[in-house]
Amino acid sequence: MVQINLPKNSKIQKGNYYKDKTGSKNIKKVNIYRWDPSTGKNPRIDTYEVDMDNCPSKVLDILNKIKNEIDSSLAYRRSCSHGVCGSCAMNMDGKNGLACTKSHSEITGDINIYPLPHLKVLKDLIGDLSILYKQYESVEPWLKTSKVNDRKENIQSKEDRAKLDGLYECIMCACCSTACPSYWWNGDKYLGPAVLLQAYRWIIDSRDEDRKERLKKVADELKLYRCHTIMNCTNACPKGLNPAKAIASIKKMLATV
Amino acid sequence: MKDNNPLSPHIQIYNWHISSLISISHRITGVLNIVIITLICFWTISLLFGNVSYELVLNFLKSFFGKFFIIGISWSFSFQILSEIRHWFWDMGYGFEIKTSNISGILVIFGSFILTVLIYFLGRNLL
């Protein structure tokens, strides 16, 4: 259900202020959401003064710098650091994205960093995505074909392969789903843009023999039609994909087939 | 333990985009329109009760607040209609690129005001 206000235990408090110790003239203030499961306190916003003269270009570099040089207790996920793994998805400057591909020079003023929106926080910038992964599992994201025991190649035409462009690139970073107000209010039932884009990726695959079943399964008032084309997903996708269009394509298939 | 974990902030911190702004306005004007249509129906029915009840409403509509109300209604309907047209294109599978959806969104916003003015002029026999 729509719940605008945060629950009592999630109200954000003022946190610590870490003053710059390097004496740099090029300082940027970075406000970061912190929550430590071991203290039992409410989340807080810590502010760090970061020396930008000695910091590489991305937001993830700032986080690494803070963790290495200022406050080692900061927790966040990161791995590949060039936009392929999707681990460092978070909310920066009011918009979801990957910290490793977002340039901090694009952000004017203080830099605000939060975990992905409307998730249970595990620690600091780490949100719990287990519901999303369960939903991903529910669309059975693997090829279903009777040609399993054929020893021949399962051939796909160039045109059919082209239908997967803009879908297969998805790295499941959850930027889109956690940007979607519908997913905020109905995240337990609505599948959300990321999972629906994946569902469409298998529906449209010419080699898959389960299209009808897949469509039937996803054709649900809550699972699919909670999408009201708010377009936050497409605006958020760090890979430039278009989940809104993929969802519309499913709706169109259901309406025309 | 799990219930103790806080919920990360969402609508409090998320930036508004043109499309999300129009989406919520579409909902609000949709609800408003239902209320307004119901009111208009009641007004029409009240005609059956003769002059007095008709003039009561008319006097209200002629007042400053009443005019504001009518122009508000015109805008609400204009916005809903234009936004709905935008949704039709989406339902047919067009206009999902960020640039296109931003342009169509701006068209809806400006168009709704232009349409309101047109309706106003039409109603006053100025066109």
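Predicted model: local features only at pLDDT ≥ 70, side-chain atom pairs only at ≥ 80, totals over all residues.
**Close-up 1. The side of chain A that touches chain B.** Here 38 residues of chain A are in contact with 23 residues of chain B. Strand S7 (121–123), helix H4 (181–186), helix H7 (232–236) and helix H8 (243–256) of chain A each supply at least two residues of this side, and the largest share, 5 residues, comes from H8(A). By residue class, the side of chain A that touches chain B divides into 20 nonpolar, 14 polar and 4 charged residues.

**Close-up 2. The two domains of chain A and where they meet.** Chain A is divided into domain 1 (8–127) and domain 2 (130–256), and the C-alpha centres of these domains lie 31 Å apart. Contacts between them involve 14 residues of domain 1 and 11 residues of domain 2. Strand S5 (residues 95–98) of chain A gives the most to the side of domain 1 that touches domain 2, with 4 residues, and the residues of that side divide into 7 nonpolar, 6 polar and 1 charged.

**Close-up 3. The largest nonpolar core and A:Ala99.** The largest nonpolar core has 65 residues, and those with the most contacts inside it are A:Met90, A:Ala99, A:Leu196 and A:Ala199. Helix H5 (residues 192–203) of chain A gives the most to this core, with 8 residues. Because domain 1 (8–127) and domain 2 (130–256) of chain A both give residues to the core, it lies between them. Leaving aside its neighbours within four places in sequence, A:Ala99 is in contact with several residues, including A:Leu60, A:Leu63, A:Cys88, A:Met90 and A:Met92, as well as A:Lys58 and A:Arg78.

**Close-up 4. Helix H2 of chain B.** The 12 residues of helix H2 (residues 51–62) of chain B should span 16 Å at 1.5 Å a residue, which agrees with the 16 Å between its end C-alpha atoms. Of these 12 residues of H2(B), the number buried is 0, so the helix lies largely in the open.

Definitions and conventions: Residues numbered from 1 in each chain as written. Chains lettered and ligands numbered in written order. Core = buried A, V, L, I, M, F, W, Y, C linked by C-beta atoms within 7 Å. Buried ≥ 20, exposed ≤ 12 C-beta atoms within 10 Å, placed from the backbone. Domains from an automatic or database assignment. Contact = placed C-beta atoms within 7 Å. Nonpolar A, V, L, I, M, F, W, Y, C, P; charged D, E, K, R; others polar. Expected span 1.5 Å × (residues − 1).
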